[in-house]
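Hello,

Here is the structure I promised to pass on, with some notes on what turned up in it. Please have a look when you find a moment.

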Amino acid sequence: MFVSYLILTLLHVQTAVLARPGGESIGCDDYLGSDKVVDKCGVCGGDNTGCQVVSGVFKHALTSLGYHRVVEIPQGATKINITEMHKSNNYLALRSRSGRSIINGNWAIDRPGKYEGGGTMFTYKRPNEISSTAGESFLAEGPTNEILDVYMIHQQPNPGVHYEYVIMGNNAISPQVPPHRRPGEPFNGQLVPEGRSQQEGKEKEGDQEKADERGGAPEMFTLESAQTFPVRQPDRFSLHRPDSVVPPAPQPPRQSRDHNWKQLGTTECSTTCGKGSQYPIFRCVNRNTHEEVPESYCDLTMKPTPEEEPCNIFPCPAFWDIGEWSECSKTCGLGMQHRQVLCRQVYANRSLTVQPYRCQHLEKPETTSTCQLKICSEWQIRTDWTSCSAECGAGVRTRSVVCMTNHVSSLPLEGCGSNRPAEATPCDNGPCTGKVEWFAGSWSQCSVECGSGTQQREVICVRKNTDTFEVLDPYECSFLEKPPSQQPCHLKPCGAKWFHTEWSMCSKTCQGGFRVREVRCLADDMTLSNLCDPQLKPEEKESCNPQDCVPEVDENCKDRYYNCNVVVQARLCVYNYYKTACCASCTRVANRHSGFPGSR
């Protein structure tokens, strides 16, 4: 009798819900027309007081490099947010109490992305390392199903780590949302005893049909007789009896027993490798012919729920996972930057770090590279101050100041800015009486109006008395360093102008030869230019040595034989013997062809 009463009560509750107008929505408590919603603590109809927000800042000063625990995330925590206060060279890490590394474990820095751990999905963020000042963070919705520990990989002073999560409070009630149903989802559960086979169901349906044929009816509701009524499953929904019980609605017409649900294949696997998932496909078929028919022929409330099945469980091919470049090692000039390159394989929607040999079929990307954010230019003092220019009286001390850059050896004066250090400073070694010294006059005007020229000044040796100067022989000041009497000067650029080299040697020493030189149009920076006036171009070639040639007379050059004319006619002068024996005849022939010896 108790079972019958329970079934009647459940049927009353279910039919009362189904009898409500179709326009009403279902609240989080599974009742039509209910306005209850889930608060941030996960409590149905709660007022956000059933949970506690835990937050703080980890600011401990750390001294040693390596992993340091920041905070413990308890089991059941939600709305997890772990964030660095600002950017640093430190890294956050996450590990379970079982010792399994979830993010940045074993001194391996993972790429930003999503990582599963503790029963939830963590989003690991690392902002752009150059343009952003924000630190990295872990975010997760939760809830966690185990205790997790957050660590910092300490490499530089701790900028502070803010942590925050939500846990259930002492006065909280258990969440009341069905774990496998979203609000507004229709009821489709069936109260079927566990272990009851489909064949047993068929036998009971047969018994029920016989009872109908006899015109009888069961004396009480049994579990078997209630199978066609859409009631709740006790293991999925909470049982709350409504304030008022509505009489049960008429039983819907029985579906045809000539059709049933049958699995006809599966969905396509979600991945081609690395353990994906697929689901069985159920279709309504004829019980006898097994032909597929429209779903309306079968009882929709009896349609099996597809369960996830693993597929393509073999690992995906390994690949090189390329991290982001680090900051340049230098703020200006040529520096170095690094990035992490790890061999990874994807399995079960997780990217796992594997041994590098698994990626040996792929070319490994570079892990270091040169970088240059900008060119370094600065004033550099190249020498110390010199001694005072005067042994007595007023003088000056100087030093060398140069604008240096890593791009070229030096820059114009404006390349390093206007705050140039002083190159000269006054000095005074006291009054002069009878001392010998060099006296330098003022510089003359520059020798040219533009471009590079020279300036002159007079430098004399003097002896300074109390009120007068005595000019001495320069020898008297030879033990002192003499100031320069000439220096280069440059008033303004001249623009492009013609430059030429010295003349070459004349091609002949007599009877008119020529000589050449190279002429180029150059700009102020000594690069080739085409802005020179062609009419002012200096000559590149000119004649030289126009005087007549005077043969050289050698008294030892004589013919030793009377028939040397035959030697000349036979062209035997090319041989040293005949050239010496008939020297005069061979020399006359040579002068006739080339003018005279040495004229070329």
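**Disulfides**

Counting cysteine sulfur pairs within 2.5 Å, the total comes to 13 disulfides. Please keep in mind as you read that this is a predicted model. As a reminder, a disulfide is a covalent bond between the sulfur atoms of two cysteines.

Let me begin with C461 and C477, which are joined with an S to S distance of 1.7 Å. The torsion about their S-S bond is about 75 degrees, so this disulfide is right-handed. C461 sits in strand β26 (residues 459-464), while C477 belongs to the loop between β27 (469-472) and β28 (486-490), so the bond ties together parts that are 16 residues apart in sequence. Both C461 and C477 are buried.

The next pair is C557 and C583, with sulfur atoms 1.8 Å apart. Here the S-S torsion is about -105 degrees, so the disulfide is left-handed. It links distant parts of the chain, 26 residues apart: C557 is in the loop between β32 (541-544) and α3 (564-569), and C583 is in helix α5 (residues 583-594). Are these two cysteines, C557 and C583, buried or exposed? Both C557 and C583 are buried.

Then there is the disulfide between C564 and C582, where the S to S distance is 2.2 Å. C564 lies in helix α3 and C582 in the loop between α4 (576-581) and α5, so the pair connects parts that are 18 residues apart in sequence. C564 and C582 are buried as well.

**A three-stranded sheet**

Elsewhere in the model, there is an open sheet of 3 strands in the order β15-β17-β18, with antiparallel pairing. Its edge strands are β15 (319-322) and β18 (350-353), each of which pairs on one side only. On average, neighbouring strands of this sheet are turned by 50 degrees against each other, direction ignored. In general, strands of a sheet pair through backbone hydrogen bonds, either parallel or antiparallel.

How many bridges hold the pairing of β17 and β18? Strand β17 (residues 341-347) and β18 pair in the antiparallel sense over 4 bridges. If you want a place to start looking, V346 has S351 in β18 as its bridge partner.

Best wishes

How values were computed
Residues numbered from 1 in each chain as written. Predicted model: local features only at pLDDT ≥ 70, side-chain atom pairs only at ≥ 80, totals over all residues. Heavy atoms only, no water. Helix = DSSP H or I, 4+ residues; strand = E, 2+ residues; numbered from the N terminus. Buried < 20%, exposed > 50% of the residue type's maximum accessible area, 1.4 Å probe, protein only. Pairing = 2+ DSSP bridges. Axes fitted to C-alpha atoms, helices over the stretch in contact; angles between N-to-C directions.
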